[in-house]
Amino acid sequence: MNNFASIDKLTVRLRDDFNPNVDKPNNVILLFAHNGTGKTRLSMEFKNRAKKKGNSDTLYFNAFTEDLFSWDNDLENDTNRVLRLNSDSRFFNGFKELDIEEKIFTHLERYADFDFKIDYNNWQISFSRQITIKVNNRGKVEEKNETINNIKISRGEENIFIWCIFLSIYELVIDGDEAYSWVKYIYIDDPVSSLDENNVIAIATDLASIIKNGKDKVKTVISSHHSLFFNIMCNELRNLSHKRYFLHKTDTNGYTLQATDDTPFFHHVALLCELKAVVDSDAIKTYHFNTLRSILEKTSVFFGYHDFSDCISGIDDEVLYSRALNLLSHGKYSVYEPAEMNQDNKNLFKSVFNEFLTKYQFYLPELIAEEKAKSN
């Protein structure tokens with residue numbers, strides 16, 4: 001576990017992880033971090049690290065990428081709706097000269113059922129969708145395909161489309177296209193926000209395939225708060241030289257980078273490790289009841305229970321514990337403004353937590369590793 005006083009120092013560490021002079025240089029860095037930790041800011045700092053020296057070496061996908069696209073909804077006529085591109089961005093360097101549309105569509109057809117056309121003169125994209133309608137042909141009902149042009153796609157479809165554009169550019173980087181020859185690093189931050197689990201799985205496996213194809217061409221950093229996506233990436237890239245980290249933000253506005261290289265990474269296990277640490281140190285904050293409640297909810301779903309309180313059924317004081325979790329996890333406790341619990345509530349939290357761990361024998365690898373290190 002490493003501590004960093006600033007995001008700048010954290011960025012230096014991540015770039016050092018790609019050092020080509022070590023025996024086994026890394027191809028990928030995977031970061032798991034909760035929302036609000038500063039993942040987007042970290043991606044921009046990573047990109048700006050080289051830019052401050054007069055060079056650009058990072059192609060990124062994050063919340064700012066979506067800002068390169070804006071809708072013109074044709075408010076006057078409400079017919080010709082298009083998605084406009086910011087052509088000043090280097091993100092679109094290779095669009096006009098290269099066969100980008102075919103690449104985009106190859107990815108898009110896996111996720112969506114609409115079509116698109118890029119107008120390079122006006123730097124805008126129009127969308128269409130084929131639908132099936134029923135027509136009455138001399139008393140006989142028949143189905144007919146009809147294309148609707150200039151549609152506005154949904155927010156989720158737009159996110160998928162922008163992601164497919166990014167994947168296509170990623171492939172151009174791997175192919176060594178001159179328009180993207182400046183790219184040494186790819187930084188991807190939370191690519192699966194607001195997507196259903198089927199698309200999360202598809203996106204993760206497709207991204208892993210591209211990363212493996214370009215392992216010797218470009219280095220990649222991926223940060224996410226989505227545990228399913230993170231686990232799939234860990235599994236898909238297990239045979240590729242990479243680093244896995246759990247990124248925390250400390251109370252002092254610094255950062256902690258916790259390696260998870262030697263064991264499978266699961267979101268609930270990481271949270272349990274955090275809670276065990278705060279229990280042992282007695283540094284229990286009010287919002288930790290929300291975290292514990294979340295773990296019990298996930299556990300109850302896994303076992304098919306009707307309610308999270310079923311996870312602590314059969315233990316002493318189960319009614320008291322259940323009421324406490326209900327009441328204390330409903331407070332407006334923010335992880336960004338942590339407040340210390342009073343001692344009675346701390347003792348109650350410890351009792352619930354320890355009873356839960358006694359009933360469900362979770363393996364907490366990070367803590368076990370630390371205890372072994374102390375004993376040696």
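Reader: Is glutamate 45 buried or exposed?
Author: A word on the ground rules: this is a predicted model, where local features need pLDDT of at least 70 and side-chain atom pairs count only at pLDDT 80 or more, while totals for chains, interfaces and linings use all residues. Residues are numbered from 1 along each chain as its sequence is written, and side-chain values use heavy atoms, leaving out hydrogens and water. Buried means under 20% relative accessible area, exposed over 50% and partly exposed in between, with a 1.4 Å probe and protein chains only. Glutamate 45 has a relative accessibility of 15%, so the class is buried.

Reader: Which residue forms a salt bridge with glutamate 45?
Author: A salt bridge here is a side-chain nitrogen of Lys or Arg within 4 Å of a carboxyl oxygen of Asp or Glu. The closest N and O atoms of this pair are 3.1 Å apart.

Reader: How many residues apart in sequence are the parts tied together by aspartate 175 and lysine 103?
Author: The two form a salt bridge, with 3.6 Å between the closest N and O atoms. Helices (H or I, at least four residues) and strands (E, at least two) are DSSP runs, numbered from the N terminus. Aspartate 175 sits in the loop between α5 and β9 (185-189), whereas lysine 103 belongs to helix α4 (residues 100-108), so the separation of the parts is 72 residues.

Reader: Which residue forms a salt bridge with lysine 350?
Author: In this pair the closest N and O atoms are 2.7 Å apart. Lysine 350 is in helix α11 (residues 343-359) and its partner in the loop between α8 (267-281) and α9 (288-303), so parts 68 residues apart in sequence are tied together.

Reader: How many salt bridges does the count come to?
Author: Some of them share partners, and one network joins Glu66, Arg155 and Glu158. By the rule above, the count of salt bridges is 16.

Reader: On to the sheet: in which order do the seven strands stand?
Author: Two strands pair if DSSP finds at least two bridges between them. β1 and β3 (58-61) each have a single partner strand, so one side of each is left without a neighbour in the sheet. The sheet is open and its pairing is mixed, with the order β1-β12-β11-β2-β10-β9-β3.

Reader: Why is β12 largely enclosed by the rest of the structure?
Author: Strand β1 (residues 2-4) is joined to β12 by three bridges and runs antiparallel to it, with phenylalanine 4 opposite tyrosine 255. Strand β11 (residues 242-249) is also antiparallel to β12, through five bridges, and histidine 248 stands opposite threonine 256. As for burial, β12 is largely enclosed because, of its five residues (255-259), the number buried is four.

Reader: Which residue in the turn between β11 and β12 has a positive phi?
Author: β11 and β12 form a hairpin, with five residues between them. The phi in question is about 65 degrees, and the residue is asparagine 253.

Reader: Does β2 run parallel or antiparallel to β11?
Author: Leucine 31 stands opposite tyrosine 245 in β11. Strand β2 (residues 28-32) is joined to β11 by five bridges, and the direction is parallel.

Reader: At what angle do the axes of α5 and α6 cross, and what are the classes of the residues in contact?
Author: Axes are lines fitted to C-alpha atoms, for helices over the stretch in contact, and angles run from 0 to 180 degrees between N-to-C directions. The axes of α5 (residues 155-174) and α6 (residues 197-213) come within 10 Å and cross at roughly 10 degrees. Contact (heavy atoms within 4.5 Å) involves residues including Trp163 and Leu167 of α5 and Ile203 and Leu207 of α6. With Ala, Val, Leu, Ile, Met, Phe, Trp, Tyr, Cys and Pro taken as nonpolar, Asp, Glu, Lys and Arg as charged, and the others, Gly among them, as polar, the classes are nine nonpolar, two polar and one charged.

Reader: How much of the whole chain is buried?
Author: The protein chain has 12 helices and 12 strands, and its C-alpha atoms fill a box of roughly 75 × 70 × 40 Å along the principal axes. Of its 376 residues, the buried share is 47%.
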